[in-house]
Amino acid sequence: VVHFVVHLLMLVYVVPLFGKRQQDNPELDEKRYCEVNQNLAASWFSTNPVHCLRSQKIYKHAPACTYLFMGKEHVLQVNESIGCYFCDDAGSTPRDDEDMDWREVTEAARQVADRLSTRLSFKW
């Protein structure tokens, strides 16, 4: 019991001495979550894969909370009812180029197959 009390007192009084001091930021303190999240893609909601899956599969939100992959912020959709406020229209890809990646993959696979067939073919 004494060990537990000493350990608890150290956690409460000694450990905080080594942490960072909280800095006052009156400008940020005045903002609401929705105002901050409109400019910042990463949030607890968009970086938590379990929350995103639950939003999509269990609660069936429309649109569901999308998991954030860095560099793919334009995929996130706004749904204020579930706390997703970020929108990046400037990063969206035009619809005409949607299949460009698939064409590049197909062409690369065709080139690899051609190289393999020439190397593996031999004359009897």
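**Entry one: a loop residue.** I am working from a predicted model. I began with Ala 42, which I found in the loop between helix 3 (33–37) and helix 4.

Next I looked for its partners. Setting aside residues up to four places away in sequence, I saw Ala 42 touching Thr 47 and Leu 68. I also checked Ala 42 against Phe 69: the two are 27 residues apart in sequence, and their C-alpha atoms are 9.3 Å apart in space.

**Entry two: a helix residue.** I moved on to His 51, which sits in helix 4 (residues 49–58). Its relative accessible area is 13%, and because that is under 20%, I wrote His 51 down as buried. Which residues does His 51 contact, once neighbours within four places in sequence are left aside? I listed Trp 44, Phe 45 and Cys 65.

**Entry three: the whole protein.** Then I stepped back for the overall picture. I counted five helices and zero strands, and reading along the sequence gave me the pattern α-α-α-α-α. Of the 124 residues, 15% are buried; His 51 is itself a buried residue.

For contacts with a separation of 6 or more, I noted that 28% join residues 24 or more positions apart. Last, I looked up the surface: the protein exposes about 11000 Å², with carbon and sulfur atoms supplying 59% of that area.

Key:
Residues numbered from 1 in each chain as written. Predicted model: local features only at pLDDT ≥ 70, side-chain atom pairs only at ≥ 80, totals over all residues. Heavy atoms only, no water. Helix = DSSP H or I, 4+ residues; strand = E, 2+ residues; numbered from the N terminus. Buried < 20%, exposed > 50% of the residue type's maximum accessible area, 1.4 Å probe, protein only. Contact = heavy atoms within 4.5 Å. Areas by Shrake-Rupley, 256 points an atom, 1.4 Å probe, with all protein chains shown as cover.
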